Amino acid sequence: MENECNIENKIRMNYRHLTQLLISRHLTITTMESATSGQIASLITDTEGSSAVLKGAFITYCNEAKIMQGVPAEIIDKYTVYSKETAGSMAQACRKAYNANIGIGVTGTMGNVDPANPDASIPGQVYFAIDIDGDVEEYYVELPPQQTRLAYKLAVAEEIYEELIKRLD
């Protein structure tokens with residue numbers, strides 16, 4: 001448990017750094033989150049002044065919600081909801097909807113198979129994308145089993161942080 005707390009604190013410190021970096025560079029960000037259900041946006045808003053950078057966020061837990069927010073149904077039908085293509089469309093859709101500099105899309109399966117998408121759902125497989133001013137990069141990660149849902153969300157948050165920081169450097 002202590003190790004889990006240390007990991008969580010490190011991730012929270014990283015997001016504090018990210019938010020301060022975005023503030024200093026006058027960059028705005030938004031998310032469309034499925035697997036993490038708002039955890040990324042929450043981590044960003046834990047830092048004072050985050051209202052200058054977070055324009056809003058979508059939690060799109062079901063396929064219909066993703067489609068309602070601008071993800072083409074054809075992408076989900078062709079590649080499944082758990083794909084780099086869907087994550088990329090999520091990142092683009094939220095960035096455009098909020099007219100932000102950065103859009104983050106994340107989809108995947110945490111600890112158990114999704115009953116609504118059982119054929120495409122493999123626990124630990126997560127797809128995310130980062131759209132910076134129209135330049136979209138898509139990523140895939142396989143997470144080892146985690147103790148809790150929060151631990152899965154934080155593990156994904158850390159992966160996203162690492163890739164976003166690389167792109168901002």
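Predicted model: local features only at pLDDT ≥ 70, side-chain atom pairs only at ≥ 80, totals over all residues.
Residues are numbered from 1 along each chain as its sequence is written, and side-chain values use heavy atoms, with hydrogens and water left out.

**Strands and their pairing**

- Helices (H or I, at least four residues) and strands (E, at least two) are DSSP runs, numbered from the N terminus.
- Two strands pair if DSSP finds at least two bridges between them.
- E1 and E3 run parallel and are joined by 5 bridges.
- E3 also meets E4, this time antiparallel, through 7 bridges.
- Across that pairing, Ile102 stands opposite Ile132 in E4, and Val106 stands opposite Phe128 in E4.
- On to the next strand: E4 and E5 run antiparallel, with 8 bridges between them.
- Tyr127 stands opposite Tyr140 in E5.
- E4 and E5 form a hairpin with 2 residues between them, and Asp133 in the turn has a positive phi of about 50°.

**How covered the strands are**

- Buried means under 20% relative accessible area, exposed means over 50%, and partly exposed lies in between (1.4 Å probe, protein chains only).
- In a regular strand the side chains alternate between the two faces of the sheet.
- E3 is mostly covered, with 7 of its 7 residues buried.
- One side of E3 has Ile102, Ile104, Val106 and Gly108, the other has Gly103, Gly105 and Thr107, and all of these are buried.
- E4 is largely enclosed by the rest of the structure, because 8 of its 8 residues are buried.
- On E4, Gln125, Tyr127, Ala129 and Asp131 are buried on one side, and Val126, Phe128, Ile130 and Ile132 are buried on the other.

**The nonpolar cores**

- A nonpolar core is a set of buried Ala, Val, Leu, Ile, Met, Phe, Trp, Tyr and Cys residues joined through side-chain atoms within 4.5 Å.
- In soluble globular proteins, nonpolar side chains tend to be buried together.
- The largest core here has 35 residues, and Tyr15, Ile102, Leu164 and Leu168 have the most contacts inside it.
- Two or more residues of this core come from each of helix H1 (2-25), helix H2 (39-45), strand E3 (102-108), strand E4 (125-132), strand E5 (135-142) and helix H6 (149-168).
- H6 gives the largest share, 10 residues.
- Contact means heavy atoms within 4.5 Å; leaving aside neighbours within four places in sequence, Leu168 is in contact with Leu18, Leu21, Leu22, Arg25, Leu27, Ile102 and Ile132.
- A second, separate core has 13 residues, including Val71, Val81, Tyr82 and Ala129.

**Pockets**

- On a 1 Å grid over the protein atoms alone, a pocket is an open set of points where a 1.4 Å probe fits, with protein on both sides within 12 Å along at least five of seven lines; lining residues have an atom within 4 Å of a point.
- A volume is the space filled by probe spheres set on the points, which are joined across faces, edges and corners.
- The largest pocket has a volume of about 240 Å³.
- Its lining has 18 residues, with Tyr61, Tyr82, Gly108, Asp114 and Arg149 nearest the centre.
- That lining divides into 9 nonpolar, 6 polar and 3 charged residues, where Ala, Val, Leu, Ile, Met, Phe, Trp, Tyr, Cys and Pro count as nonpolar, Asp, Glu, Lys and Arg as charged, and the others, Gly among them, as polar.
- The second largest pocket holds about 160 Å³ of space, and H1 and H6 each supply at least two residues of its lining.
- Residues lining the second largest pocket include Glu4, Ile7, Gln146 and Glu158.

**Two residues to look at**

- Ala35 is found in the loop between strand E1 (29-33) and H2, and counts as buried because its relative accessibility is 4%.
- Not counting residues up to four places away in sequence, Ala35 touches Val106, Thr107, Gly108, Met110 and Lys153.
- The C-alpha atoms of Ala35 and Phe128 are separated by 9.8 Å, although the two are 93 residues apart along the chain.
- Arg12 lies in helix H1, and at 26% relative accessibility Arg12 counts as partly exposed.
- Arg12 touches Gln39, Leu43 and Asp46, not counting residues up to four places away in sequence.
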